[in-house]
Amino acid sequence: MADKYDVIIIGGGPGGYVAAIRAAQLDMKVLLIDDRQGEDGKPAPGGTCLNVGCVPSKALLDSSKHLHHIQHDYKAHGINVEKVSMDIGQMLKRKQGVVKQLNSGLMQLFKANKIEFINGRGKLLADRKVEVSPNDRDKVTHTGEHVILAAGSVPIEIPGVKFDGEHIIDNVGALELEKAPERLGVIGAGVIGLELGSVWKRLGSEVVLLEAMDTFLAAVDPDIAKASAREFKKQKLDIRLGSKVSGAKVKDGKVEVTYEDAKGEHSETFDRLLVSVGRKAASDGLLAEDSGVKLTDRGQVEVDEQSRTSADNVWGIGDLVRGPMLAHKASEEGVAVVETIAGQAGHLNMDTIPWVIYTDPEIAWVGPTESELKEKGVDYRVGTFPFAATGRGLAMGEAAGMVKMMADAETDRILAVHIVGPQASELIGECVVAMEFAGSSEDLARIVHAHPTLSEAIHEAALAVDKRAIHKAN
Ligand code: FAD
Ligand code: NAD
C-alpha cells in the first residue's frame with residue numbers, strides 16, 4: 001500500500017541513516033530505503049563506510065598494525081616474542097564481526113526511533129514519488145513531503161583494466177583477500193591505495209603502487225606529503241610516481257599490467273591488482289527521467305550550498321554530491337538538511353571538515369595546504385613542531401612526523417593545521433574546534449596541554465607560529 005511520509009531517504013550510509021535518525025528525533029515520519037545485504041542475506045545498513053569502507057579497513061589496519069609492532073617494535077621495548085604467526089582468516093572474521101555488530105546496532109536504532117526501513121532499491125519519480133523495489137516483496141510507490149538522495153558512490157573503473165572481483169579488485173575485494181598476495185599491484189597511490197596497500201604490506205605482500213601524478217599526495221600539504229613519503233619508503237612501500245597504466249590482463253592466475261613513465265613503457269606481473277583511482281557518484285538508476293533532478297557532467301546530483309537539488313523539496317547529500325567524499329561530511333550534511341526542513345538553521349561548515357589518512361604514521365589536516373594559501377596570495381605565518389621533540393612520542397616509540405600550523409599574519413586566526421604522526425586522527429579534533437571558534441594560534445598557545453602527551457606538539461606548533469616554541473630552536 002502506498003504511504004505518505006514527511007521524509008523519504010534513499011541510501012542508508014552515514015549520510016542517509018544519520019539524516020533518518022535526526023528526522024525521527026524531530027518528529028518526522030521517516031522512510032529509509034537501502035539496498036545493501038550482508039553475506040547472510042540480511043539487511044546491512046551503514047553504506048560503503050560501515051560495510052566495505054571506513055570501518056572494515058580500520059579493523060584490518062589495526063590488526064595488521066599489531067602484527068607490525070610485534071615484529072618490528074617490541075624488541076626495542078624489551079619484549080621478545082618468539083614464534084609469531086598470523087591468522088588472516090581470524091582477522092577477516094574479527095573485521096566482519098565488527099561490521100555485523102554495527103549493522104545490527106543500526107537496525108535497533110531504526111526501531112527505537114520508529115524509522116520505517118525497507119531493504120531494497122529506491123528510484124525517484126516525478127513529484128517526490130519514490131518507487132521502492134524491496135528485496136523480499138513486490139514494488140510499491142510511496143510519496144514524501146521531502147526526499148533526500150543519499151545513494152553514495154562506487155569505484156571508478158579505468159579503461160583497459162576491468163574489475164573481475166578475483167584478480168582485478170576494488171576496495172571490496174581488497175578487504176576480503178584470504179591470504180596475502182605475494183605481489184600486490186595498486187593503481188592509484190591515494191587514500192585507499194595507501195591504506196589498503198599498508199594493510200597487505202604489513203601482512204607480507206610486496207606492494208607496488210602505480211600513481212599517474214608526478215606529485216605524491218597532491219591534495220596534502222607538500223611538507224607533510226614529503227615527510228610521509230619518507231616513512232612509507234622506510235616501510236618499503238614501492239610508490240612509482242608518474243606511472244600511467246595502459247592496460248591489465250589476467251593470464252594463468254596472474255595480472256599483467258602495462259604502464260608508461262618518463263623512462264618508457266614497462267610491464268609488471270602481480271598476483272592481485274587493486275584499482276583505487278577514485279570514486280564516482282552512484283546516480284545510475286536512481287532517477288526517473290521526469291524526476292526533475294539535474295546531474296552534473298560528472299554524474300553527481302547537482303545541489304546548491306544548502307544541498308537543494310533542482311527539484312522542489314528534493315535534497316542531495318554525501319558522496320552523491322559535490323564536496324569531499326567523507327563519512328563525517330555526509331552525516332553532518334544529512335543533519336543540516338533535516339534541520340533546514342524542520343525550519344531550523346541547518347548548517348555545515350565545509351572549511352573545517354577534517355581529513356584523515358589512516359596510514360602509519362597517520363596523516364590528518366583541516367584547512368588549505370600551504371600551496372593553496374600561496375596561490376590565493378594569503379599572508380600567513382607558519383609554526384612547525386616534530387613529534388621527535390615530544391617526551392610522549394619518544395616514550396611510545398612513535399616519534400616520526402610533525403605538526404604544521406598556519407595562521408593569518410595580521411589577525412593570527414588559524415587557517416590550517418596539518419599533521420603527520422602518531423594518532424593524528426585524534427589530534428586534529430582540537431584544531432577543528434579551535435578553527436570553528438575562530439581561534440588564533442595564540443589561543444592554542446595559551447591553553448594548558450597535559451604533559452606528557454602528543455597534543456603538546458600542537459601546543460608547540462602554535463607557539464612556533466610566534467617563534468617561541470619551548471622545546472626546539474626557533
Ligand atoms: P554510502 O556510504 O555509499 O551509502 C549509500 C548507500 O546507499 C549504500 O549502502 C548503497 O548501496 C545504497 N544505495 C545506492 N543506491 C541506492 C538505491 N537506488 N536504492 C537504495 N539504496 C541505494 N570516509 C571517512 O570519512 N573515513 C574513512 O576512514 C573512510 N574510509 C574509507 C575506506 C574505503 C575503502 C572506502 C571505499 C571509503 C572510505 N571512506 C571513508 C569514504 C566513506 O565511505 C564515504 O564518504 C561515505 O560512505 C559516504 O556516505 P554516503 O552516505 O554518502 O554513501
Ligand atoms: P583518491 O582520489 O584518494 O586517490 C586516487 C589516486 O589515483 C590519485 O592519487 C590519482 O592521481 C590516482 N589516479 C587516478 N587515475 C589514475 C590512473 N589511471 N593511473 C594511476 N593513478 C591514477 O581516491 P581513492 O583512494 O580511490 O579513494 C576514493 C575516495 O574515498 C577518497 O577520495 C576519499 O574521499 C574516500 N576515502 C576516504 C578515506 C579516509 O577518510 N581515510 C579512506 C578511503 C577512501
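Which residue forms a salt bridge with Lys58? The partner is Glu195, with the closest N and O atoms 2.8 Å apart; a salt bridge here is a side-chain nitrogen of Lys or Arg within 4 Å of a carboxyl oxygen of Asp or Glu.

The model is predicted: local features need pLDDT of at least 70, side-chain atom pairs count only at pLDDT 80 or more, and totals for chains, interfaces and linings use all residues. Residues are numbered from 1 along each chain as its sequence is written, chains are lettered from A and ligands numbered from 1 in the order in which they are written, and side-chain values use heavy atoms, with hydrogens and water left out.

The protein chain is divided as follows, with bounds from an automatic or database domain assignment.

| Domain | Residues |
|---|---|
| domain 1 | 4-155 + 280-348 |
| domain 2 | 168-277 |
| domain 3 | 352-465 |

Taken over C-alpha atoms, the centres of domain 1 and domain 2 are 27 Å apart. Contact (heavy atoms within 4.5 Å) involves 19 residues of domain 1 and 16 residues of domain 2. Between them the two domains bury about 1400 Å², 67% of it on carbon and sulfur atoms; buried area is the accessible area (1.4 Å probe) that two parts lose on being put together, summed over both. In domain 1, the most area is lost to domain 2 by Val52, Leu61 and Ile88, together 32% of what that side buries.

One salt bridge is counted between domain 1 and domain 2. On the side of domain 1 that touches domain 2, α3 (54-72) and α4 (88-112) each supply at least two residues, and α3 gives the most, with 10 residues. Helices are DSSP runs (H or I, at least four residues), numbered from the N terminus.
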